[in-house]
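Trainee: I would like to go through this model step by step. Please show the sequence and the structure.

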Amino acid sequence: MAVPTCRDMSELATDYMERALPWRAFLAAWWHLRLCGMCRAYYDQLARVRRLLGRTPLPGPSPEVEAAVLAARARAGDAPP
Ligand SMILES: [Zn+2]
């Protein structure tokens, strides 16, 4: 596989980060990142955002809303999972 272009890298970045690329594509992407400061900066930024998101729990409903939903489901005969 040829070394990917910067445009390719923007599409490959997530798969690269998750090691989801076939090894040849992974190596080509790794090589591109070694050579290209712009893509390295993009990749670092993406990695930082993903780290931050990974630490932040997904917001859920307030306790009142959760209780109301569970009560409505119980009234409808639908048990919570
Ligand atoms: Zn690049």
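Trainee: What arrangement do the 4 donor atoms form around the zinc ion?

Mentor: This is a predicted model, in which local features need pLDDT of at least 70, side-chain atom pairs count only at pLDDT 80 or more, and totals for chains, interfaces and linings use all residues. Residues are numbered from 1 along each chain as its sequence is written, and side-chain values use heavy atoms, with hydrogens and water left out. Four donors count as tetrahedral if all angles lie between 85 and 135 degrees. Here the angles subtended at the zinc ion run from 101 to 116 degrees, so the arrangement is tetrahedral.

Trainee: Which residues coordinate the zinc ion, and through which atoms?

Mentor: Donors are N, O and S atoms within 2.8 Å of the metal (3.2 Å for Na, K and Ca); water is not among the atoms, so sites may look incomplete. Along the chain, the donors of the zinc ion follow the spacing C-x25-H-x3-C-x2-C. At 2.0 to 2.3 Å, the zinc ion is coordinated by C6 (SG), H32 (NE2), C36 (SG) and C39 (SG).

Trainee: Is H32 buried or exposed?

Mentor: Buried means under 20% relative accessible area, exposed over 50%, and partly exposed in between (1.4 Å probe, protein chains only). H32 lies in helix α2, helices (H or I, at least four residues) and strands (E, at least two) being DSSP runs numbered from the N terminus. Leaving aside residues up to four places away in sequence, H32 touches V3, P4, T5, C6, M9 and C39, where contact means heavy atoms within 4.5 Å. With a relative accessible area of 7%, H32 is buried.

Trainee: How far apart are the end C-alpha atoms of helix α1?

Mentor: The expected span of a helix is 1.5 Å times one less than its number of residues. For the 12 residues of α1 (residues 6-17) that should give 16 Å, and the distance between the end C-alpha atoms agrees, at 16 Å.

Trainee: Within what arc do the buried residues of α1 fall?

Mentor: The buried residues of α1 are M9, L12, A13, Y16 and M17. Seen down the helix axis, they line one face of α1, because they fall within an arc (of the directions from the helix axis to the C-beta atoms) of 145 degrees.

Trainee: Which helices do those buried residues of α1 pack against?

Mentor: The face of α1 turned away from its buried side carries the exposed residues R7 and E11. The buried residues of α1 pack against α2 (23-35) and α3 (37-55).

Trainee: What is the radius of gyration of the protein?

Mentor: The protein has 4 helices and 0 strands. The radius of gyration is taken over C-alpha atoms, and the globule rule is 2.2 Å times the number of residues to the power 0.38. For 81 residues that rule gives 12 Å; the protein is more spread out than a compact globule, because its radius of gyration is well over that, at 21 Å.

Trainee: How far apart in space are D78 and R7?

Mentor: The C-alpha trace spans about 60 × 20 × 20 Å along its principal axes. D78 has its place in the segment after α4 (63-75). D78 and R7 are 71 residues apart in sequence, and their C-alpha to C-alpha distance is 48 Å.

Terms used. Tetrahedral: all angles 85-135°; square planar, octahedral: opposite > 155°, others 65-115°.
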